[in-house]
Amino acid sequence: MAARLVQRCCWRLFGGSTFTALAIPASLLAPASKTVIVRALPQAALASLHTSSLPRQTDKLSVEAQVYSQYPEHREIDELIEAASSPEDLLHVAEHHSLNGNQASTVVIQLSRLVAEKKLERESILQDCRFQQVLNVLNSQLSQVWNSSLLPLWKSLYLLGLERHEREVRSVKQEMRWRLRRLNFRQIASLAEYLATSKQAEDQNDLLSDVVKYLELRWTEIGDTRTVVALMVKVGHLSQTLMDRLEDKALELAEQFTAEDIRKVAFALALQNRRCVPLLRAISYHLVQKHFTLSTNVLVDLAFAYGKLNFHQTQVFQKMASDLHTHLPEMTHGDMGRCIKSFAYLKWLNLPLFEAFTQYILDNADRFTVWQLCNVILSFARLNFQPSHSENFYNMVHEKLGDQLGNLNPHLLTDLVWSLCVLQQAKTPYLQSVLVPPFYSQLLDDQTPKGQNYRLKLMHINAAARLECPSYQGPFLPPEILSVPEPPGDKKATPLQSSLQEVLKGVAKDEINRRFNVRTIYGWQLDAEMMLNSDNQPLPIKDFAAPHLLQSKGTKPPPHGTRRIAFLRWEFPNFSSRSKDLLGRFAMARRHVQAAGFLIVDVPYYEFLELKSEWQKRAYLQDKMNKAVGAEMAK
């Protein structure tokens with residue numbers, strides 16, 4: 001009964017032509033205990049199934065299938081369009097054949113390709129009546145253009161010289177917006193890449209925002225590395241939500257990345273300043289494990305990305321250093337300068353690599369501009385790197401920079417002289433160029449944080465001139481400039497700083513015997529200061545004159561045999577990466593404090609924070625003080 005009921009319903013709904021085809025499943029509705037004999041369908045019934053006009057079946061037919069199955073005569077036109085080798089051939093086809101909308105779009109796309117390849121005139125094509133006929137067909141049958149042809153058609157209209165306000169261009173844009181829901185993800189991604197990078201489409205922000213929303217909703221459809229990499233590079237900066245999704249997908253596909261994909265992903269993250277640690281760890285792992293052969297461009301961009309994001313991965317850096325050694329002869333001076341600067345940002349010093357860089361600069365000194373050479377000096381100073389052939393290197397530097405100091409902008413000149421002070425290579429002309437009143441007054445007028453930073457650098461340069469350059473006779477900064485500006489806001493004390501101060505309270509025994517956070521006229525801050533008499537007993541430090549302070553409360557001269565002790569704590573960021581060597585700024589601070597007459601007690605984080613109890617820390621400081629005094633007495 002059930003089988004007969006289904007047959008009657010099908011007859012009512014679809015007619016007799018489909019009833020025969022749909023009658024087959026009747027056996028499936030029979031009870032399991034009965035055996036039903038099913039006859040094979042005649043060929044006519046099968047044919048009726050394929051030619052039926054069910055609404056659901058026709059909805060699923062693609063435009064391509066309709067064109068070729070229902071209009072086989074159009075194949076000849078398609079072949080003629082594909083075979084055309086000149087614009088005249090294409091326009092001839094358009095003139096003598098009746099085109100549908102999709103064929104008209106193919107003609108336009110082929111025309112733009114030929115114009116671009118052969119560098120032909122566009123005006124003659126735009127004014128040709130046959131081309132206008134093709135555009136008319138497009139306007140009237142735009143709905144017949146295949147989805148895959150819409151974006152190439154839009155690009156082609158721009159390439160042929162049509163303006164964005166013309167009807168054809170606006171119609172294609174509107175058609176793409178209507179069809180966004182029906183486009184596959186690859187087509188939407190291609191459209192987004194074009195809109196984000198094309199100058200012709202720079203005013204299409206409304207369409208681009210719609211496309212980005214669809215990408216945010218359909219990001220799970222990404223299945224290949226090319227799409228995720230291209231979207232991260234070209235579109236990711238437009239939407240933080242989309243970039244978050246793309247980072248998740250990139251993390252999923254990271255194993256399939258090539259070296260070029262890794263370069264593009266890292267570079268995109270760096271340009272957008274997105275420090276996605278899981279993704280950076282993943283690409284670093286595959287970069288090391290897969291033993292890629294890295295080209296110079298990949299190495300330079302990776303160094304930039306890791307430096308910009310301050311992401312440290314020692315194995316990657318070692319691999320980069322090894323590969324850079326092999327590529328060194330073929331590197332340009334610009335690429336080398338970028339590498340040196342990136343490694344300086346990372347605080348990573350590989351001595352063999354930097355020695356090779358130095359030798360390359362010496363051998364190709366004429367190829368480096370003054371600006372590039374200044375960047376090299378700044379990088380060397382940050383890392384406190386002294387080349388093995390330092391005399392030859394700095395002679396070349398002085399020769400190239402000597403007559404160019406007046407052409408540098410004030411900030412770059414200050415950075416250069418400060419860096420030369422770090423490297424102990426600042427000569428009288430360099431010091432005089434920044435310590436004359438007309439020069440430093442323009443920097444001191446700036447009250448921004450950047451201006452305060454350059455004021456500190458001027459104080460450091462002035463200290464280097466007084467303490468490390470005995471032959472320098474002036475000028476110097478006036479006393480009223482030597483006050484260290486207070487840092488904005490209340491800076492929270494680090495665990496090392498607070499622990500050191502607590503222990504020193506017990507070491508000094510009394511508050512009058514020590515000073516904390518001492519700001520000197522040299523631009524450096526001492527974490528603590530004490531004075532010891534000849535018997536190594538603390539003295540009331542505030543009673544005695546202090547030449548290192550701008551305004552000293554004490555006036556009495558210190559007794560004979562008195563020693564000043566400066567406590568300098570060194571935090572993790574003060575050292576080179578994976579090293580116990582101080583960076584250039586802090587090495588210069590230590591030199592200056594020592595040259596000012598202090599005995600230095602270094603308190604590095606990797607020693608002091610390992611001590612657990614109060615008495616261990618106190619014994620540590622007492623031992624350090626005794627060693628400093630003993631070393632001074634042994635001289």
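User: What is the accessible surface of the chain, and what share of it belongs to carbon and sulfur atoms?
Analyst: In this predicted model, the accessible surface of the chain comes to about 33,200 Å². Carbon and sulfur atoms account for 51% of that surface. Of the chain's 635 residues, 47% count as buried.

User: Why is Lys249 called buried?
Analyst: The cut-off for buried is under 20% relative accessible area. Lys249 has 5% relative accessibility, so Lys249 counts as buried.

User: What makes Lys249 and Glu252 a salt bridge?
Analyst: The limit is 4 Å between a side-chain nitrogen of Lys or Arg and a carboxyl oxygen of Asp or Glu. The side chains of Lys249 and Glu252 meet at 3.4 Å, N to O, so the pair is within the limit. Both residues lie in helix α16, three residues apart, which means a separation of about one helical turn.

User: Is Glu252 buried or exposed, and how do you know?
Analyst: Exposed requires over 50% relative accessible area. Glu252 has 55%, so the residue is exposed.

User: Why is the pair Arg274 and Asp244 called a salt bridge?
Analyst: The N to O distance is 2.4 Å, and the cut-off is 4 Å, so the pair qualifies.

User: What makes Arg186 and Asp224 a salt bridge, and where do the two residues lie?
Analyst: Their side chains meet at 3.8 Å, N to O, so the pair is within the 4 Å limit. Arg186 is in helix α13 and Asp224 in the loop between α14 and α15, 38 residues apart. A search of the whole structure finds 30 salt bridges.

User: Why are β1 and β4 called edge strands of the sheet?
Analyst: The open sheet has four strands in the order β1-β2-β3-β4, with mixed pairing. β1 and β4 each have a single partner strand, so one side of each is left without a neighbour in the sheet.

User: How do you know that β3 and β4 pair?
Analyst: Pairing needs at least two bridges. Seven bridges join β3 to β4, and the strands run parallel; the count meets the requirement, so they pair.

Conventions: Residues numbered from 1 in each chain as written. Predicted model: local features only at pLDDT ≥ 70, side-chain atom pairs only at ≥ 80, totals over all residues. Heavy atoms only, no water. Buried < 20%, exposed > 50% of the residue type's maximum accessible area, 1.4 Å probe, protein only. Areas by Shrake-Rupley, 256 points an atom, 1.4 Å probe, with all protein chains shown as cover.
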